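User: I am new to protein structures. Could you walk me through how to read one, feature by feature?

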Amino acid sequence: MKLIVRGIWLVVLLMGLSSMALSFQAAAAEKNYTVKAPDGVEIAVQESGDPAGPAIVFIHGLLGSHLNWDMQVSSPKLQHYRLISYDMRGHGLSGKPDDAEAYRDGRRWADDLSAVLKATGAKKPVLVGWSLGGVVISNYLAAYGDDGIAAVVYVDGVIELNAALITSHPDVYAGMASDELKVHLDAVKTFLALCFEIKPDTATFERLLSNAAMASWTMTRTVPSMTVSAAEGLPKARVPVLLLYGDKDVLVNVEPSIARARALNPAIQTKIYADSGHAPFLEEAPRFNDDLADFRDSISGK
């Protein structure tokens, strides 16, 4: 009987140690650090997944942060990749300059991405940019070309900031630029709700809303006048370029955006999610993760 009891306790002990080891490994796989942009802005960077795996770099959109990509960094499907995200200037845990020029000059956002890529040492990453993150990718391509990357994915990406490609919501954007706290916060909430055709659960929406409220007001006011170099950047892309859009997007005009991008680079690939709005990576996360994995694997080694 004593031998049986000792055996049970040994099994329990080994299971506990194994669980602790797995937890330690999971914690060890996550890294958080900061990178300094050329103009001195501190950029918060996050890493998870397999440090030795093919790299994917996630670039969030307006009023977001790395939290937007929770359904990707927690996906078992993607854990064998090196998953890198960062908070853009004016967002999340990154620096929030008071100078409007720090946001108006699109080259600075491209320089942030370049600084992140250099600091991580990621070899031939796939860049995944959501919404405003698409502008950052275009500006990066214009400034740095595509020699250091393997491919790019625009997720409901903004191609250019003009009325033909961006759906008009004047009251929302005016409210987001307001100095009145209530008006500003109400507009931010409306803007976030417009991102989804398939609504997230309440806890996720509230987290993303809090996330959005952290963004710099100076940045939010200035972004509509940000310089965009899509006409210079997209033609430079010789690597695969995938444009993935939700068909029910009410913030970006999908077909005109695709047409404009194809006019700049005829080799662009497209994929449409018929049921999603502006955020298919959250609205249809399992499908998105499968498609991202397939795309990443299709260009590995090229």
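**Reading the features**

Analyst: Start with one residue and its surroundings. Leaving aside neighbours within four places in sequence, histidine 91 is in contact with His60, Gly61, Leu62, Leu63, Gly64, Lys96, Trp109, Ala215 and Met219. Keep in mind that this is a predicted model.

User: Is histidine 91 buried or exposed?

Analyst: Look at relative accessibility. Buried means under 20%. Histidine 91 has 0%, so it counts as buried.

User: What lies 3.1 Å from a polar atom of the side chain of histidine 91?

Analyst: The backbone nitrogen of leucine 63 does. Leucine 63 is also among the contacts of histidine 91.

User: How does serine 94 compare? Where does serine 94 lie?

Analyst: Serine 94 is in the loop between strand 4 and helix 3. Its relative accessible area is 5%, so serine 94 is buried. Its side chain reaches the backbone oxygen of aspartate 87 at 2.5 Å. Not counting residues up to four places away in sequence, serine 94 touches Glu42, Ile43, Ala44, Asp87, Met88 and Arg89.

User: Let me step back to the whole chain. How many helices and strands does the protein chain have?

Analyst: The count is 13 helices and eight strands. The chain has 302 residues, and 52% of them count as buried.

User: What share of the contacts with a separation of 6 or more comes from residues 24 or more positions apart?

Analyst: Ask how far apart in sequence the partners are. Here, residues 24 or more positions apart account for 76% of those contacts.

User: Can you show me examples of such pairs?

Analyst: Take alanine 142 and serine 229. They are 87 residues apart along the chain, yet their C-alpha atoms are separated by 6.2 Å. Alanine 142 lies in helix 5 (residues 132–144). At 18% relative accessibility, alanine 142 counts as buried. Beyond its neighbours within four places in sequence, alanine 142 is in contact with Ser229, Glu232, Gly233 and Lys236.

Now take valine 116, in helix 4. Valine 116 and alanine 44 are 72 residues apart in sequence, with 9.1 Å between their C-alpha atoms. Valine 116 has 0% relative accessibility, so it counts as buried. Its contacts, leaving aside neighbours within four places in sequence, are Val35, Ile43, Val45, Ile84 and Tyr86.

User: Next, helix pairs. At what angle do helix 4 and helix 5 pack?

Analyst: Read two things: the angle and the gap between the axes. Helix 4 (residues 106–120) and helix 5 pack at about 80°, with axes 8 Å apart. That angle makes helix 4 roughly perpendicular to helix 5. Helix 4 brings Gly106, Arg107, Trp109, Ala110, Asp111, Leu113, Ser114 and Leu117 to the contact, and helix 5 brings Leu132, Val136, Asn139, Tyr140, Ala143 and Tyr144. By class, the contact has nine nonpolar, three polar and two charged residues.

User: At what angle do the axes of helix 7 and helix 8 cross?

Analyst: Helix 7 (residues 181–194) and helix 8 (residues 202–213) have axes that come within 10 Å and cross at roughly 130°. This makes helix 7 oblique to helix 8. The crossing is right-handed. Leu185, Val188, Lys189, Leu192 and Ala193 of helix 7 meet Phe205, Leu208, Leu209, Ala212 and Ala213 of helix 8. The residues of this contact divide into nine nonpolar, no polar and one charged.

Definitions and conventions: Residues are numbered from 1 along each chain as its sequence is written. This is a predicted model: local features need pLDDT of at least 70, side-chain atom pairs count only at pLDDT 80 or more; totals for chains, interfaces and linings use all residues. Side-chain values use heavy atoms; hydrogens and water are left out. Axes are lines fitted to C-alpha atoms, for helices over the stretch in contact, and angles run from 0 to 180 degrees between N-to-C directions. Helices (H or I, at least four residues) and strands (E, at least two) are DSSP runs, numbered from the N terminus. Angles under 35 degrees count as roughly parallel, over 145 as roughly antiparallel, 65 to 115 as roughly perpendicular and the rest as oblique. A crossing is left-handed if the near helix is turned anticlockwise from the far one by less than a right angle, and right-handed if clockwise. Contact means heavy atoms within 4.5 Å. Ala, Val, Leu, Ile, Met, Phe, Trp, Tyr, Cys and Pro count as nonpolar, Asp, Glu, Lys and Arg as charged, and the others, Gly among them, as polar. Buried means under 20% relative accessible area, exposed over 50%, partly exposed in between (1.4 Å probe, protein chains only). A polar contact is a pair of N or O atoms within 3.5 Å; within protein, one must be able to donate a hydrogen and the other to accept it, and residues adjacent in sequence count only if both atoms are side-chain atoms.
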